[in-house]
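Reader: I would like to learn how to read a structure such as this one, feature by feature. Could we take the features in turn, with the general idea before the particular case?

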Amino acid sequence: SPIRKKMLEAFSKSKGEFVSGQSLADILGCTRTAVWKHIEELRKEGFELEAVRKRGYRIIKTPDKVTDNEIRYGLNTKFLGHTIYYQESIDSTQKKAHHLAYDGCPEGTIVIAEEQTSGRGRLTRPWHSPKFTGIWMSIVLRPKLPPQQAPQFTLIAAVAVVQAIEEVCGLNPEIKWPNDILIKGRKVTGILTELQAESDKINSIIIGIGMNVNAEESDFPEELKKIATSIAIEKGQSVSRARLIQKILEKLENYYQIYLEKGFSPIKWLWEGYAVSIGKNIIARTITGSIEGKALGITDEGVLRIQDENDKIHEVYSADIEFPDNN
Ligand code: BTX
C-alpha cells in the first residue's frame, strides 16, 4: 500500500535511528493512533520494531524473505529453480504449480510463497503454512517415464531434503515412509508428489515440499504441537530459508540425474539408510484397511513391504504409518 511504502521510506532515510511518532504522523498524514496501527501491521509482516517513549520507533530487523533474488543469488544448479514463481501469499503453491505445468512451464520451475492460506497434504488434509516461518515450495519436473514410477519421486525428494537439512543445519532427520521427514519423532517436513499424465507417460510431476524452518512452538496450532517441530526449535537458532532451498534444489537435481541415468537402486540404498520404519513393527493404515507387521524395506519401485504375523508379505503403495506401543 502507498502508506506502507511511505513509512518504509521514512525508516530507511533514518538509517536505523528512531523516527518519532509525530513525524511519522506528519509524513503519512494521519493520527498517531493510526501510526501505531500501521506499526502493528509491519510487525505482522515480519519486521522487528523497537518502540521507545518520547523517541519513537525504529526497525531492528527486516523480514527474512525467500524472493526470487534471495534464491537465485548463490544457487548452484543446471536447471532446477531457474524459473521462479514467487508470491508473498498464495492459496497453495501446489495448485499454482499444476496450472503452470499445464500451461507448459519449463522443467525445473519452482513456485514459492511466504505463506499458504490453503496449503494441503495428502487426501486433502490441510498443511499449516504460516508467514515467513517455513519453506512452502512446489517443483515441476518432466521425466520421460511411465506414470507408475511417480511415487519414487517422493523418495528421491526425501533423500534430498534430509541431506540438505544435515548439511545446512547440522541436524539428523529421519524418513518415515512414504513422505514424512522427522526429527526426534516429530514432523519437520511433508512431501506431496502429484502428477499430470496420460495412460502411458508422465507429462509433469509436481513435488510439493512443506518444511517448518523458523517456526516457534507458538506458531503451531494446539493439534500440531505434539506431532510437529521446526528446524529452529531443534537447533535452538534460526536458519536461512533461502540457503536451505538452494541446498534442496542442488541435491534434488543431482539425485534426479542419477535416477534418470542409473535407475532407482542407488536412491533406494540412500533412502533405506535414513528410514526409521525399516525392521520395525508398524501399523500401515491405507484407505482400504490396516496392515500390521514388520516393515521389511522398499522394493525397486518404492513400494513398502510388510510381513504380517502369518509371514504373508504385503506390498503397500500409500499409507499412514504408526508404531504400535510395544515397539
Ligand atoms: P500428509 O497428508 O502426510 O500430512 C498432513 C498432516 O500433517 C495433517 O493432517 C496434519 O496432521 C499434519 N500437519 C499439517 N501441517 C503441518 C506442519 N506445518 N508441520 C507438521 N505437520 C503438519 C504431507 O501430507 C505433505 C504436505 C505437503 C505440503 C506442501 S507445502 C508446498 C505444497 N503446497 C501445498 O499446498 N502442499 C505442498
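Reader: How many residues surround the ligand, and which are the closest?

Author: A ligand site can be read by listing the residues around the ligand and then looking at individual atom pairs. In this predicted model, 28 residues surround the ligand, and the closest are Ser 92, Gln 116, Arg 120, Arg 122 and Arg 125.

Reader: How is the chain divided into domains?

Author: The domain assignment of the protein gives domain 1 as residues 2-61, domain 2 as 68-274 and domain 3 as 281-322. Between domain 2 and domain 3 the C-alpha centres are 24 Å apart, and 11 residues of domain 2 are in contact with 13 residues of domain 3.

Reader: What area do domain 2 and domain 3 bury between them, and which residues of domain 2 supply much of its part?

Author: The size of an interface is often given as the accessible area lost when the parts come together. Domain 2 and domain 3 bury about 1100 Å² between them, with 54% of it on carbon and sulfur atoms. Of the area that domain 2 buries against domain 3, Arg 122, Trp 177 and Lys 268 supply 47%, more than any other three residues.

Reader: How many salt bridges and polar contacts cross from domain 2 to domain 3, and which elements of domain 2 take part in the touching side?

Author: Charged pairs can be counted first, then polar pairs, and then the elements that carry the touching residues. Three salt bridges are found across the interface of domain 2 and domain 3, and Arg 122 forms a salt bridge with Asp 320, their closest N and O atoms being 2.6 Å apart. Nine residue pairs are in polar contact between domain 2 and domain 3. On the side of domain 2 that touches domain 3, α6 (152-169) and α10 (265-274) each supply at least two residues, and the largest share, three residues, comes from α10. The residues of that side of domain 2 divide into five nonpolar, one polar and five charged.

Reader: Where should I look for backbone features, and is the peptide bond from Trp 177 to Pro 178 cis or trans?

Author: Backbone angles are read residue by residue. The peptide bond from Trp 177 to Pro 178 is cis, with omega near -5°, and Pro 178 has its place in the loop between β6 (174-176) and β7 (180-183). Phe 132, a residue other than glycine, has a positive phi, near 65°, and is found in the loop between β4 (110-116) and β5 (134-141).

Reader: Which residues does Lys 131 touch, leaving aside those up to four places away in sequence?

Author: Lys 131 is also found in the loop between β4 and β5, and touches Glu 45, Glu 88, Glu 114 and Glu 115 when such sequence neighbours are not counted. With the side chain of Glu 88, the side chain of Lys 131 makes a polar contact of 3.3 Å.

Methods
Residues numbered from 1 in each chain as written. Predicted model: local features only at pLDDT ≥ 70, side-chain atom pairs only at ≥ 80, totals over all residues. Heavy atoms only, no water. Domains from an automatic or database assignment. Contact = heavy atoms within 4.5 Å. Buried area = accessible area lost by both parts, 1.4 Å probe. Salt bridge = Lys/Arg side-chain N within 4 Å of Asp/Glu carboxyl O. Polar contact = N/O pair within 3.5 Å; in protein donor to acceptor, adjacent residues only side chain to side chain. Helix = DSSP H or I, 4+ residues; strand = E, 2+ residues; numbered from the N terminus. Nonpolar A, V, L, I, M, F, W, Y, C, P; charged D, E, K, R; others polar. Near = heavy atom within 4 Å.
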